[in-house]
Amino acid sequence: MKYLSILLLLLFTSSAIAGSTQTNTSGSNTAIEGGYTSTANTTYQTGSSSNSTTTNNSTSNTKSAPPSAGAPSFNSMTQDVCAVGVSMGVQTFGIGISGGKHAIDKNCERLKLARILNDFGMKVAAVAILCQDERVFESMIQAGTPCPIDGKIGKDAKELWSKYDHERPDYTTYANRLTDREKADIAEHKKIKKELEAMDKAKALEEAKTKKKIEWKDPR
């Protein structure tokens, strides 16, 4: 018996593929992708042969958040200045912009000026300063004590404000109020006119009924 008369054929093939993707977000974004491929061929036939192939791919992409833009701080330098600081900052990937400025508080200035004038005994001037605010002007008108104008106070000031109403601080509100009142007056006039017409019609109908009752014919 010959050992070479026995034919042994063994064919074995194996393949493996693996891949992974990972994303992590915590102040930064990281993406990792990897692939792995392995192939092995082995043949035994009165001899030996072996083939092996291995492939490995990996890609990594990392993006980190940039530092935040810091807006500058502004101080009024002293407690007796009616100025406030305004600042703003915007930050994106690759660029950041920030800036700031001072803004004047007009109402604060008005109050301080009125207080100083009143301390100096200039009460009318202090009131005139406050009357530059339309809310104060309107409240003075509603109270029957109109704000000073051209050195006039009281009734004289009221006449001047009526003549030069376009100089009122609350002129827009005042004009809108006049328009609304005019519309209300027109609507009230129409309502009264309609009621009078209805009364006249009812009166005429009543008179017609009464006249019909007292009519009589000559017995001749």
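Modeller: Of the 220 residues of the protein, 9% count as buried, where buried means under 20% relative accessible area, exposed over 50% and partly exposed in between, with a 1.4 Å probe and protein chains only. This is a predicted model, in which local features need pLDDT of at least 70 and side-chain atom pairs count only at pLDDT 80 or more, while totals for chains, interfaces and linings use all residues. Residues are numbered from 1 along each chain as its sequence is written, and side-chain values use heavy atoms, with hydrogens and water left out.

Biologist: In what order do the elements of the protein run from the N terminus on?

Modeller: Helices (H or I, at least four residues) and strands (E, at least two) are DSSP runs, numbered from the N terminus. The protein has five helices and five strands. From the N terminus on, their order is β-β-β-β-β-α-α-α-α-α.

Biologist: Is aspartate 133 buried or exposed?

Modeller: Aspartate 133 lies in the loop between helix H2 (123-130) and helix H3 (134-142). Leaving aside neighbours within four places in sequence, aspartate 133 is in contact (heavy atoms within 4.5 Å) with Asn107 and Arg110. Because its relative accessible area is 10%, aspartate 133 counts as buried.

Biologist: Which residue meets aspartate 133 in a salt bridge at 2.9 Å, N to O?

Modeller: Side chains of opposite charge can pair when their charged atoms come close. A salt bridge is a side-chain nitrogen of Lys or Arg within 4 Å of a carboxyl oxygen of Asp or Glu, and by this rule the count comes to four. The partner of aspartate 133 at 2.9 Å, N to O, is arginine 135, and at 59% relative accessibility this partner counts as exposed, so the exposed residue of the pair is arginine 135.

Biologist: How many residues apart in sequence are the parts that arginine 177 and glutamate 138 tie together?

Modeller: The side chains of arginine 177 and glutamate 138 meet in a salt bridge of 3.2 Å, N to O. Arginine 177 lies in helix H5 and glutamate 138 in helix H3, so the parts that this pair ties together are separated in sequence by 39 residues.

Biologist: What are the relative accessible areas of aspartate 170 and arginine 168?

Modeller: The side chains of aspartate 170 and arginine 168 form a salt bridge, at 3.1 Å, N to O. Both residues are buried: for aspartate 170 the value is 2%, and for arginine 168 it is 9%.
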